[in-house]
Amino acid sequence: MSKVRFVVHAGPHRRRNCPVVANLPAGAGRPAAVRLTGEAGERLPAQVCSPLRLSRNAQPAECSQVVFLLPSLDAGESVQLTAELTDQAAAGPDAVAVSDDGAGSVTVSVAGQLLTTYRYLGNPARPCFFPVIGPSGKRVTRSWPVSDDVPGETQDHPHHRSLWVAHGEVNRTDNWSEGPGHGFQLHRDILSTSSGPVFGSLAALNDWTNAGKRKVLEERRILTAYAVSGEMRMFDLDVCFTATECDVRFGDTKEGGIIAMRVAPAMDGDHGGRIENCYGAIGEAECWGRRAHWCDYVGEIEGERLGIAILDHPQSFRHPTHWHVRDYGMYTANPFGWHDFHSDPSADGSHLLPLGASLCFYYRVILHRGDAAEAGIAARYHDYANPPRVEVVT
């Protein structure tokens with residue numbers, strides 16, 4: 001068993017339940033598990049992983065990483081941690097469990113409670129994540145049309161399937177709606193799944209096609225869920241497009257969202273819900289079409305105030321993104337729809353992706369109790385965009 005010591009520096013931000021990625025020295029090899037302890041000998045859940053090639057934290061293939069949750073560290077403080085590396089796999093149940101049933105869906109659970117299910121087969125046009133369940137066990141996205149088990153739900157926009165990825169003009173094909181002539185996202189493979197004490201992940205490969213199901217581009221997506229319980233749930237969604245067949249033009253249209261959600265109707269702005277962005281803008285009138293580092297949608301479900309924050313990482317294309325967010329429950333990050341968002345006929349938000357090139361987007365989703373201020377979303381954004389600095393010490 002070998003040991004590596006890390007010093008974690010909070011920097012100018014207060015850290016709470018903050019995911020931290022530490023790169024192991026090249027000579028550390030590829031251990032199967034890690035035991036992480038603090039200065040007082042306290043045990044911190046930690047997990048070893050090989051870097052995913054799509055990840056913004058990717059390192060050379062010969063390196064490994066330790067991922068852990070930093071429970072608490074005040075601004076300006078540092079803490080030393082000791083990682084004991086072993087070739088024996090860790091025993092015990094996984095805090096985040098990811099399971100592919102082999103029949104069209106992958107379930108993601110945190111502390112034994114379902115977080116979401118990735119439904120990659122059986123959809124009319126494209127995969128989706130349904131349900132999406134908040135920290136108190138309530139669904140925070142609309143059930144219809146994936147399920148009709150919630151009486152009285154709105155039934156407009158049948159392509160609004162809980163949580164999904166789509167865009168309304170890809171080489172002149174509509175890969176947003178399910179209307180006549182729409183394109184498809186055809187599932188090709190579940191590339192990997194992993195479970196563990198700190199995070200679980202799934203990586204999927206999809207082909208985006210025209211209406212005739214001719215391939216236009218390749219999309220790889222990674223969902224990483226963290227073992228954060230209590231007042232919030234948290235996961236990352238990374239999406240990377242590669243122009244494998246030809247040049248690909250993402251057209252200028254508001255009809256799209258590289259991450260797209262339809263919130264539970266009880267949360268709608270039309271029903272007393274609240275839309276807020278990082279600049280303090282409130283409501284659809286102030287947030288729709290505006291650029292912001294994060295956006296938050298809060299409403300009341302069965303007497304409980306619950307919210308969904310989406311954070312846009314600085315490495316995402318055209319960060320900070322524009323937000324296509326509506327009082328009726330539509331909630332998407334769309335970096336392309338300038339013509340509509342800017343009310344400027346000369347604006348052109350389209351983007352040409354040359355053959356062989358890639359375009360990547362990174363988002364963190366936080367499902368929380370209370371409003372954005374109560375959930376500390378501004379601070380959680382810095383955990384994501386400006387994480388603690390980690391150094392290896394001898």
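Reply: Start with pairing: two strands count as paired if DSSP finds at least two bridges between them. Keep in mind that this model is predicted.

Me: Which strands does β12 pair with, and how many bridges join them?

Reply: β12 is joined to β19 (residues 256–262) by four bridges, and the two run antiparallel. Two bridges join β12 to β13 (residues 173–175), again antiparallel.

Me: What do β12 and β13 form, and what is the phi of Asn171?

Reply: The two strands make a hairpin, with two residues between them. Asn171 lies in that turn and has a positive phi of about 50°.

Me: Is β12 mostly covered or mostly open?

Reply: In general, side chains in a regular strand alternate between the two faces of the sheet. As for β12 (residues 163–170), the strand is mostly covered, with seven of its eight residues buried.

Me: Why is Gly337 classed as buried?

Reply: The cut-off for buried is under 20% relative accessible area. Gly337 has a value of 0%, so this residue is classed as buried.

Me: Where is Gly337, and which residues is Gly337 in contact with, leaving aside its neighbours within four places in sequence?

Reply: Gly337 sits in the loop between β24 (330–333) and α2 (338–341). With those neighbours left aside, Gly337 contacts Asp252, Thr253 and Lys254. Lys3 is 334 residues from Gly337 in sequence and 50 Å away in space, C-alpha to C-alpha.

How values were computed. Residues numbered from 1 in each chain as written. Predicted model: local features only at pLDDT ≥ 70, side-chain atom pairs only at ≥ 80, totals over all residues. Heavy atoms only, no water. Buried < 20%, exposed > 50% of the residue type's maximum accessible area, 1.4 Å probe, protein only. Contact = heavy atoms within 4.5 Å.
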